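Here is a briefing on one structure.

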Amino acid sequence: MRAPPPSPAVARTGFSDLQPDLVGEIHGRLSFLDRLAFVAVSSAASRDALKPEPPWLVLPGETPETATVFSLADRRSATVRASDPAMRGHVIIGSSGGWIVTADERGQMRLANPVTGEQGDLPAITTIPFVNATSPGGHHFIMDMEPFVHIRYRGEHESWPHPHGTFTHTAGDVRLWFYRKVVLSASPRPGDYAAVLLLDSYFGAPAFATAWDGRWRVAPSRDGVEDAIHHKGKFLSVTYTGIVEAWERDGVSGEYTSEAVTTPISCPPQRRKYLAAAPDGRLIIVLKNTNGGGVRKGYFEVQVFDEMTQRWEAAEDMGELVILVGVNSSLCVSTAKHPEINAGCLYYTDDEIGKAWLRREYGYSNSKPNVGVYSLKDGKVMSIPGLGEHLSWPPPAWFTPSFP
């Protein structure tokens, strides 16, 4: 019996041969974790056709080895493995460009990309000129206030309103009462980044570091720095007096200096300020009323800087935009491709790490919600749709997934 003739060659189509619109259609139908796996095997060219991933919340997991992630657009959560060591038992104090910055109980800060698993160390706290460890193990840190005041106020010691001398923190207290926030440059990764560390309000100064320098440099700041972002290739910050400044690094000395880029914002006392930038580049300041009483109507206010008039204007409606604020990140994104996110609203998280720790220690951590949604138009306060009960320590943090 004769063998059958060979079958004709069958044309095979690989993933890379699919049309961009089909790739985008497949991507849009997946769950949020499956979307990340899909992007991981996509070519850089194919990714241009994909809908950008909206912000997520990173929440504590049920065990130290896990974390909970929540997608605002999908309104669903999932349990994921927490990268070791950067995300196990650590507090998130920064989130930029798809990366987070964490701090452990010894004050060590690390970079981590929760999507790819890549991570690395930021410079040690003892590279700050006025911070010294009491022992090689670093169980306590001593802050020498005289050199700090000399740097911050350029030698004008009478400008410092507090006593000089020394200030001591345990290693575990550093992330609670000394660090405030870390902001990274665009597209950071270990070995190639610039970062600014905002010190807590008592110190009020910024410290800058780069991968190639390997140390923190405290920069002069008479009015102090309350919040910061990285925007159009520069670090921008807002002072406690309401002025936005742009920072430049001297190529020879490596030191950072600032210049004002806006007029001062007018606001009542006891207002916490967050700085953000709209997708079209407009600068935004969110004012939060810290005068007690919890989140209520009038608790948040948004002002946008008008380049033409050089004035800050109140914005009662942000259109299709949404603003997210918290201790680790402040950002403004469009909801045009994500109608599931409430446009014209402000999403907030707990922004006082030290106080959040105290609430946990003294057993009343559930006494106030640490995340929520605030409508700018009518002042209505809502829970985040789809987000149920969750652990409150470490505090929740915003994170926008991305691939290098």
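Does Arg154 count as buried or exposed? Arg154 counts as exposed, at 60% relative accessibility. Buried means under 20% relative accessible area, exposed over 50%, and partly exposed in between (1.4 Å probe, protein chains only).

This is a predicted model: local features need pLDDT of at least 70, side-chain atom pairs count only at pLDDT 80 or more, and totals for chains, interfaces and linings use all residues. Residues are numbered from 1 along each chain as its sequence is written, and side-chain values use heavy atoms, with hydrogens and water left out.

**Nonpolar cores**

- A nonpolar core is a set of buried Ala, Val, Leu, Ile, Met, Phe, Trp, Tyr and Cys residues joined through side-chain atoms within 4.5 Å.
- The largest one has 40 residues, and Met109, Phe130 and Phe178 have the most contacts inside it.
- Leaving out residues up to four places away in sequence, Met109 touches residues including Ile93, Val101, Leu122, Tyr179 and Trp216. Contact means heavy atoms within 4.5 Å.
- A second, separate core has 19 residues, among them Phe300, Leu321, Val325 and Leu376.

**Sheet S4-S5-S6-S7**

- Helices (H or I, at least four residues) and strands (E, at least two) are DSSP runs, numbered from the N terminus. Two strands pair if DSSP finds at least two bridges between them.
- Four strands form an open, antiparallel sheet in the order S4-S5-S6-S7.
- Strands S4 (91–96) and S7 (119–121) are the edges, and each pairs on one side only.
- S5 (residues 99–103) and S6 (residues 109–112) share four bridges. Ile100 has Ala112 in S6 as its bridge partner.

**Strand S21 and its partners**

- S21 (residues 300–306) is mostly covered, with five of its seven residues buried.
- S20 (residues 283–289) pairs with S21 in the antiparallel sense over five bridges. Leu287 is bridged to Glu301 in S21.
- S21 also pairs with S22 (residues 311–314), antiparallel, over four bridges. Phe305 has Trp312 in S22 as its bridge partner.
- The hairpin of S21 and S22 has four residues between the strands, and Gln310 takes a positive phi near 60° there.

**Backbone exceptions**

- Most residues other than glycine have a negative phi, and most peptide bonds are trans.
- Arg154 has a positive phi near 55°. Arg154 sits in the loop between helix H4 (145–152) and strand S10 (166–170).
- Lys232 also has a positive phi, near 55°. Lys232 lies in the loop between S15 (225–231) and S16 (234–239), and is exposed at 69% relative accessible area.
- Trp393 and Pro394 are joined by a cis peptide bond, with omega about -5°. Pro394 lies in the loop between S27 (381–382) and S28 (397–399).
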